[in-house]
Amino acid sequence: AFGASLSATFIAYKSELVRQIPNMLFLMLAVPVTDEALQYFSPGRSPQISDVLLDFSGCIAGLIFTALVFTIIKYKKERT
């Protein structure tokens, strides 16, 4: 959900999605890393690299899904 909403926000405010991918990837990685860093300070919790990778891969899936949806919408608008 985070990846899809972040991608939709970038698409809405920036015209070229391809040029914004590095910025999106940075934010998509920064949020899980921050979340796991905060878990370090919570009693009974521990940060896991696997959680960061899992969260990041979910963000990538959201990015791909959103890009496909917007591409299909753009293609259908151009056909009509």
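**View 1. Residue N23 in helix α2.** N23 is partly exposed, with a relative accessible area of 39% (buried is under 20%, exposed over 50%, and partly exposed in between, using a 1.4 Å probe and protein chains only). This residue is found in helix α2, where helices are DSSP runs of H or I with at least four residues, numbered from the N terminus. A kink of about 30° in α2 is centred on N23; the bend is the angle between axes fitted to the seven residues ending there and the seven starting there.

This is a predicted model, in which local features need pLDDT of at least 70, side-chain atom pairs count only at pLDDT 80 or more, and totals for chains, interfaces and linings use all residues. Residues are numbered from 1 along each chain as its sequence is written, and side-chain values use heavy atoms, leaving out hydrogens and water.

**View 2. Helix α1 meets helix α2.** Here α1 (residues 2-13) packs with α2 (residues 17-40) at an angle of about 145°, their axes 10 Å apart (axes are lines fitted to C-alpha atoms over the stretch in contact, and angles run from 0 to 180 degrees between N-to-C directions). Among the residues making the contact are F2, L6 and F10 of α1 and N23, M24 and L27 of α2, contact meaning heavy atoms within 4.5 Å. N23 and F10 lie 13 residues apart in sequence and 9.3 Å apart in space, C-alpha to C-alpha.

**View 3. The buried residues of α2.** Look for Q20, M24, M28, P32, E36 and Q39, the buried residues of α2. They pack against α1 and α3 (49-79).

Methods
Helices (H or I, at least four residues) and strands (E, at least two) are DSSP runs, numbered from the N terminus.
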